[in-house]
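Hi,

Here's the structure I promised to pass on. Have a look through it first, and my notes on the helix packing follow below.

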Amino acid sequence: MVIAILVLLLQFFGHVKGEDELQNLKGCDIYNGTWVYDDSYPLYNSTQCYHLNMHFDCQQNGRPDQQYLKYRWKPYGCDLPRFNGNDFLERLRNKRIAFVGDSISFNQWQSLTCMLHSHHRHIPFVERIRHHGFSKFTFPNHNVSILLLWNPFLVEHKSTSYGRVLNVSSIGDSDATLWKQSDVLVFNSWLWWLQGGPAKPWDFIADGNDLYKGMDRLVAYEKALTTWAQWVQNSIDFHKTLVFFRGDAARHPNASAWGNYDGRHCGGEREPIFKAKIPLMKIPGEEIVERVIGKMTKAVKLMNITMLSQLRKDGHPGVYASPRHHGMDCSHWCLPGVPDTWNQLFYAELLRSF
């Protein structure tokens with residue numbers, strides 16, 4: 001009898017504590033904080049995640065330092081809840097989560113599947129990789145599917161007889177169908193808009209009935225995001241679907257941007273920026289995202305991870321990307337690493353939403 005009462009008391013006070021923590025979380029700006037060293041990190045070992053893409057597996061690719069694995073994001077005024085894979089799968093039972101975007105979305109998708117699988121290796125899963133931009137990771141016991149839907153521009157991009165056309169005023173039908181079938185959508189677009197010269201991924205930009213050989217990148221980006229925003233507002237049932245837009249993840253190709261005039265890029269960086277020698281510049285695309293989402297009349301949640309990612313100059317593969325990669329990668333992120341924090345923030349947003 002005494003034991004039963006103690007169990008009930010523990011459950012009650014645990015519930016009360018949990019409710020207090022949730023209320024604290026709901027009133028907290030979880031994107032404003034600092035990186036703190038935490039020896040309990042990382043959240044998993046890359047060897048526990050056999051499906052991890054070689055490009056992101058910096059330790060297996062020979063990166064000699066491990067300090068970059070040991071930093072935890074600490075918001076000012078609250079603590080992020082520790083990622084709980086069982087709770088995550090229970091909350092999203094019978095649901096489809098889709099990450100829509102570019103290779104940084106792939107980075108985040110791989111992080112989430114590794115976080116879930118490495119901590120719950122006893123839970124059956126099915127991985128299905130398709131070509132043409134569709135990948136799927138399913139936990140059958142919970143009927144939870146985590147999809148990667150490749151669309152780096154969020155608008156229609158197709159090959160024609162006269163060249164590759166990026167249509168900033170249209171969403172492709174096949175994309176729209178898959179998006180509408182999802183219960184949680186996490187969109188992102190920025191990295192591919194930066195590519196120029198021979199790497200530029202389009203020959204023409206279509207805007208309505210007009211076709212342009214060239215257009216200012218930021219103008220085209222805002223037109224495309226506006227098209228996406230209009231489609232989301234008109235096509236998504238917000239009573240059934242949660243919609244997020246993850247902000248730009250930041251790149252670190254130029255060491256002078258954070259006051260390191262002796263360096264050239266992210267190579268050799270071993271710790272975050274704790275106090276910048278010069279103010280960090282706002283990324284141009286960030287302002288456009290904030291402006292477009294700010295005009296939307298329906299609740300799309302901006303996961304504003306740009307600033308906290310800007311502080312992590314140490315988190316990129318650099319020369320420790322895939323052996324097939326030549327050069328310095330200061331755009332993508334090592335795993336384990338910074339994208340795990342994006343997914344902890346994603347988990348916190350789900351706790352605030354359900």
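The axes of helix H3 (residues 103-119) and helix H8 (residues 338-353) cross at roughly 75° and come within 9 Å. Keep in mind that this is a predicted model. Angles of 65 to 115 degrees count as roughly perpendicular, so H3 and H8 are roughly perpendicular to each other. On the H3 side, the residues that meet H8 are Ile-104, Asn-107, Gln-108, Ser-111, Leu-112 and Met-115. Their partners in H8 are Pro-339, Asp-340, Trp-342, Asn-343, Gln-344 and Phe-346. By residue class, that contact splits into six nonpolar, five polar and one charged.

Next pair: how do the axes of H5 and H6 cross? Helix H5 (residues 217-235) and helix H6 (residues 284-295) have axes that come within 10 Å, with a crossing angle of roughly 30°. Because angles under 35 degrees count as roughly parallel, H5 is roughly parallel to H6. The crossing of H5 and H6 is right-handed. H5 contributes Leu-218, Tyr-221, Glu-222, Leu-225, Thr-226, Trp-228 and Ala-229 to the contact, while H6 brings in Pro-284, Gly-285, Ile-288, Val-289, Arg-291, Val-292 and Ile-293. Here the residues divide into ten nonpolar, two polar and two charged.

A bit more on H5 itself. Its 19 residues reach 27 Å from first C-alpha to last, close to the 27 Å expected at 1.5 Å a residue. The buried residues of H5 are Ala-220, Tyr-221, Ala-224, Leu-225, Thr-227, Trp-228, Ala-229, Trp-231, Val-232 and Gln-233. Tyr-221, Leu-225, Trp-228 and Ala-229 are buried and also take part in the contact with H6. What covers the buried residues of H5 includes H6, along with helix H4 (173-180) and strands E9 (184-187), E10 (204-207) and E12 (242-246).

Finally, a loop residue to look at: is Ile-305 buried or exposed? Ile-305 sits in the loop between strand E13 (301-303) and helix H7 (306-310). Its relative accessibility is 0%, so Ile-305 counts as buried. Setting aside neighbours within four places in sequence, Ile-305 is in contact with Tyr-31, Arg-246, Gly-247, Asp-248, Ala-249, Trp-342 and Leu-345. Of these, Trp-342 turns up again among the H8 residues that meet H3. Ala-250 lies 55 residues away from Ile-305 along the chain, and the C-alpha atoms of the two are separated by 8.8 Å.

Cheers

How values were computed: Residues numbered from 1 in each chain as written. Predicted model: local features only at pLDDT ≥ 70, side-chain atom pairs only at ≥ 80, totals over all residues. Heavy atoms only, no water. Axes fitted to C-alpha atoms, helices over the stretch in contact; angles between N-to-C directions. Helix = DSSP H or I, 4+ residues; strand = E, 2+ residues; numbered from the N terminus. Parallel < 35°, antiparallel > 145°, perpendicular 65-115°, else oblique. Left-handed = near helix turned anticlockwise from the far one by under 90°. Contact = heavy atoms within 4.5 Å. Nonpolar A, V, L, I, M, F, W, Y, C, P; charged D, E, K, R; others polar. Expected span 1.5 Å × (residues − 1). Buried < 20%, exposed > 50% of the residue type's maximum accessible area, 1.4 Å probe, protein only.
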